[in-house]
Amino acid sequence: MDITVIGLGYVGLSNAVVAASYLYNVIAYDVDKEKVALLKQGVATIEEPNIQELLTESRSRIRFLSNPKDAIRPSRIIVIAVDTPENKDGSPNLKHVYEVLDNIARFAIQDTYIVMIYTVQFGTCRLVKAYLEERNEHHFDVISMPEFLRQGSAIHDIISPSRLIFGADSDAARMLIKSFAAPFAQRKIPVMITSLENAEMIKYASNNFLAMKISYINNIARLCDVVGADVEKVALGISLDPRIGSSCLKPGIGYGGSCLPKDTQGLYWLSGNTSEPLELVKATIKVNETQADYFLNKIFSRVKSVNNMNIAVLGVGFKGGTEDVRNSPATPIIKALLEKNANIKIYDPLAMDNYQKAMSRHTHITYYLYAHEALKGASMCLILNDSEEFKKLTSDDFIKNMKRPLVFDGRNIFKLDALPGVEYHSVGRKTVGKLEK
């Protein structure tokens, strides 16, 4: 049986390649003809560990198309994995979803299962079914299958998920889910089949809970600065409680990317239209939005002016291990420094090309191929994501290359005693190695 995956971003392409590696015949469709052309040549269009190898191994079982008719007609299972960005009011924008639905309504020639794996507005799955059946004579079963992928480990998270959540409202859809999920259940991976609405809410609630943990520890970090505690030790102590755990208790400059900012805004928008607005989610968003100001205040408490200062910035992807710069916490920090006439010297092992496109109008940014080149002659260094490469830097890298070794670490990637001879500022911890002003 053919499976069609529509939308070849992180979620769609990763799922398409893994499905093909499991010996399914996969049709992978995207409106971006340049992307499809590269994939036809066997070139992965996203940076993910193992995706290039899997793409090469499974090329005989996956076809990449940019013609919607050819992608939709053969398949009884269509996976929708297009982006759902937020509107200005925080509500999910379903423009791309409806573009897909119009193509399905136009070209589907048989009863079809529609699998929604990207985050959609609560209630969307039922709307999808009604929308299609009003416009096409065939029967459509809609399945909600929320994804819980982490960029930088998407392939691993698909092959070895922590859990699988499905929503369905028909016996046929539940039977299909059980068939698909059986190998995972045999591996003792939890599988939950529930209603469409429950599955949609589980996705929103999960991501918002993770975002709350991040904002909570960042709020604690700010308090640690005031009272003289060490947030890393506090986070460790908290994590030893098995009811809490260590996940997402890493202080920093805030969360970003395509999921958490959108999903927190989306859930708060949804709750705002009810009698139960989620004030915890509102606070989560506020802390995250002000975390950049907290970090900038650290900088300007140390230096009075950055006018014409050369500042090295290590990391512009929203986190290490990805080229994704959407909602990167680095951006408001960099923009604030540019407004004060700083010269920004950027290095990121994966995200520089995308960042250069996003920030093309800014003339005071220079991009470098190596970290030591960005550090050369800089009067300050900002570490803004947790790339593994940055963790390998030593005191000598900062001391020998920089005009003065002044480092602000927005991800706490170093221990406090790791950089002797460097003035080292971090999040929620004391400053060490102070230099003369």
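1. Helix H6 and its cover. The buried residues of H6 are covered by, among others, helix H5 (95-107), strand S5 (112-116), strand S6 (140-144) and helix H9 (196-227). Contact here means heavy atoms within 4.5 Å. Helices (H or I, at least four residues) and strands (E, at least two) are DSSP runs, numbered from the N terminus. The model is a predicted one, in which local features need pLDDT of at least 70 and side-chain atom pairs count only at pLDDT 80 or more, while totals for chains, interfaces and linings use all residues. Residues are numbered from 1 along each chain as its sequence is written, and side-chain values use heavy atoms, with hydrogens and water left out.

2. The buried side of H6. Thr-124, Cys-125, Val-128, Lys-129, Tyr-131 and Leu-132 are the buried residues of H6. Buried means under 20% relative accessible area, exposed over 50%, and partly exposed in between (1.4 Å probe, protein chains only). These residues lie on the same side of H6, because they cover an arc of only 165° around the axis. The arc is that of the directions from the helix axis to the C-beta atoms. An α-helix has 3.6 residues a turn, so residues three or four places apart point the same way.

3. The span of H6. The twelve residues of helix H6 (residues 124-135) should span 16 Å at 1.5 Å a residue, and the 17 Å between its end C-alpha atoms agrees with this. The expected span of a helix is 1.5 Å times one less than its number of residues.

4. The cavity. The count comes to one cavity of 30 Å³ or more. The largest cavity has a volume of about 60 Å³. On a 1 Å grid over the protein atoms alone, a cavity is a set of points where a 1.4 Å probe fits but cannot get out, and a pocket is an open set with protein on both sides within 12 Å along at least five of seven lines; lining residues have an atom within 4 Å of a point. Grid points are joined across faces, edges and corners, and a volume is the space filled by probe spheres set on the points. The lining of the largest cavity consists of Met-116, Ile-117, Tyr-118, Thr-119, Val-120, Ser-144, Pro-146, Glu-200 and Lys-203. By class, this lining has five nonpolar, two polar and two charged residues. Ala, Val, Leu, Ile, Met, Phe, Trp, Tyr, Cys and Pro count as nonpolar, Asp, Glu, Lys and Arg as charged, and the others, Gly among them, as polar.

5. Phe-148. This residue lies in the loop between S6 and helix H7 (154-159). Phe-148 is buried, with a relative accessible area of 19%. Not counting residues up to four places away in sequence, Phe-148 touches Asp-157, Arg-163, Ile-165, Ile-202, Lys-203 and Ser-206. Lys-203 is also one of the residues lining the largest cavity. Phe-148 and Arg-163 are 15 residues apart along the chain, and their C-alpha atoms are separated by 8.8 Å.

6. The second largest pocket. This pocket has a volume of about 330 Å³. Of the 15 residues in its lining, Tyr-255, Pro-261, Asn-288, Glu-289 and Asn-327 lie nearest its centre. Helix H11 (260-272) and helix H12 (279-302) are the elements that give two or more residues to the lining of the second largest pocket. H12 gives the most, with four residues. The lining of the second largest pocket divides into seven nonpolar, six polar and two charged residues.

7. Arg-302. Arg-302 lies in helix H12. With 10% relative accessibility, Arg-302 counts as buried. Arg-302 and Leu-406 are 104 residues apart in sequence, and 9.8 Å apart in space, C-alpha to C-alpha.

8. Backbone points to check. Lys-188 has a positive phi of about 65° although it is not a glycine. Lys-188 is in the loop between helix H8 (171-186) and strand S8 (191-194), and at 73% relative accessibility counts as exposed. Asn-412 has a positive phi of about 50°, and is not a glycine either. Asn-412 is in the loop between strand S13 (406-409) and strand S14 (423-425), and at 3% relative accessibility counts as buried.

9. Two helix residues. Arg-106 is in helix H5 and is exposed, with a relative accessible area of 65%. The C-alpha atoms of Arg-106 and Cys-224 are separated by 58 Å, at 118 residues apart along the chain. Asn-219 is in helix H9 and is partly exposed, at 39% relative accessibility. The C-alpha atoms of Asn-219 and Arg-59, 160 residues apart along the chain, are separated by 47 Å.
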